[in-house]
Amino acid sequence: MLQNIRIVLVETSHTGNMGSVARAMKTMGLSNLYLVNPLLKPDSQAISLAAGASDLIGNATIVDTLDEAISGCSLVVGTSARSRSLPWPMLDARECGTKSVEEGQQAPVALVFGRERVGLTNDELQKCHYHVAIPANPDYSSLNLAMAVQIIAYEVRMAWLASEQSPVAPQTEESPYPLVDDLERFYHHMEGMMLESGFIRQGNPSQVMSKLRRLFTRARPERDELNILRGMLSSFQKGEKPKS
């Protein structure tokens, strides 16, 4: 199951952090590392700080976009150290570990960590089902990247060990939830329909789509439910009367 847990680092600027993250992952039994558009490719410093986990660096998947890194996942959790203008469903570190293990039994799970200085953008966070925040000391909440990964990876391992002691029968379906790829196609489909109908305007800055993403993230539709929604949109499009 732990093979289904991806640790995703977005635009990491220091190669040493890649090595430290690899070490944090391997101590907890995680091995699936994704690097999204790293500012520098892994080098000797990354290998040195990996301290025996250099195999994770060598096998890391390097991609250009976050969409590529989370493709094929049914659950995506993004780390966020601060509240955002548009609140999102939140998990603490322990809940993140438990949910990752539960859903990782059926499909890949991505745990996404942002840039060292500024974290994840709002657009990137809106691609996540949940945000996770580590409740550090408010008077000194500075966690470096490897520390944050270590804490989340530890909670994943503890949840996995607990599940091994009290195994839960696997679901008959591969996953009750759609993959993020399918969700993105649904959002693009819905946005296209709203543009065609004039409900929203091209190029007009609006929070409509952000709020709709939050709505469906909270609802967490299952695959069959998402298929119904896509079918409704397609039916509405077919039923549109041509404009005179």
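This report describes the domains, the salt bridges and one surface patch of a predicted model.

## Domain arrangement

The chain is divided into two parts: domain 1 covers residues 2-165, and domain 2 covers residues 180-238. Taken over C-alpha atoms, the centres of domain 1 and domain 2 are separated by 28 Å. Domain 1 contributes 18 residues to the contact, and domain 2 contributes twelve residues.

## The interface between the domains

The size of an interface is often given as the accessible area lost when the parts come together. Between domain 1 and domain 2, the buried area is about 1,200 Å². Carbon and sulfur atoms give 53% of that area. On the side of domain 1, the residues that lose the most area to domain 2 are Leu86, Gln126 and His129. Together these three residues account for 40% of what the domain 1 side buries.

Charged pairs also occur here, with two salt bridges found across the interface of domain 1 and domain 2.

## Salt bridges in the model

Side chains of opposite charge can pair when their charged atoms come close. The count for this model comes to nine salt bridges. One of them is formed by Arg220 and Glu103, whose closest N and O atoms are 2.9 Å apart.

A salt bridge joins the side chains of Glu11 and Arg115, with a distance of 2.8 Å from N to O. Glu11 lies in the loop between strand E1 (5-10) and helix H1 (15-27), while Arg115 lies in the loop between strand E6 (109-113) and helix H6 (122-125). The two residues are 104 residues apart, and the pair thus links distant parts of the chain. Glu11 counts as partly exposed because its relative accessibility is 25%. Arg115, in contrast, counts as buried because its relative accessibility is 16%, which is under the 20% limit for that class.

The salt bridge between Asp55 and Lys26 has its closest N and O atoms 3.0 Å apart. This pair connects helix H3 (residues 54-58), which holds Asp55, with helix H1, which holds Lys26; the partners are 29 residues apart. Asp55 is partly exposed because its relative accessible area is 37%. Lys26 is likewise partly exposed, with a relative accessible area of 38%.

A further salt bridge brings together the side chains of Glu155 and Arg94, at 3.1 Å from N to O. Here Glu155 belongs to helix H7 and Arg94 to helix H5 (residues 93-104), and 61 residues separate the partners. Glu155 counts as buried because its relative accessibility is 10%. Arg94 counts as exposed because its relative accessibility is 55%, which is over the 50% limit for that class.

## A nonpolar surface patch

Tyr154, Met158 and Leu161 make a nonpolar surface patch of about 250 Å². Of these residues, Leu161 has its place in helix H7, which spans residues 145-165. Leu161 counts as partly exposed because its relative accessibility is 32%.

Methods
Residues numbered from 1 in each chain as written. Predicted model: local features only at pLDDT ≥ 70, side-chain atom pairs only at ≥ 80, totals over all residues. Heavy atoms only, no water. Patch = residues over 30% accessible without salt bridge, like charges linked within 9 Å, V, L, I, M, F, W, Y side chains within 5 Å. Areas by Shrake-Rupley, 256 points an atom, 1.4 Å probe, with all protein chains shown as cover. Salt bridge = Lys/Arg side-chain N within 4 Å of Asp/Glu carboxyl O. Helix = DSSP H or I, 4+ residues; strand = E, 2+ residues; numbered from the N terminus. Buried < 20%, exposed > 50% of the residue type's maximum accessible area, 1.4 Å probe, protein only. Domains from an automatic or database assignment. Contact = heavy atoms within 4.5 Å. Buried area = accessible area lost by both parts, 1.4 Å probe.
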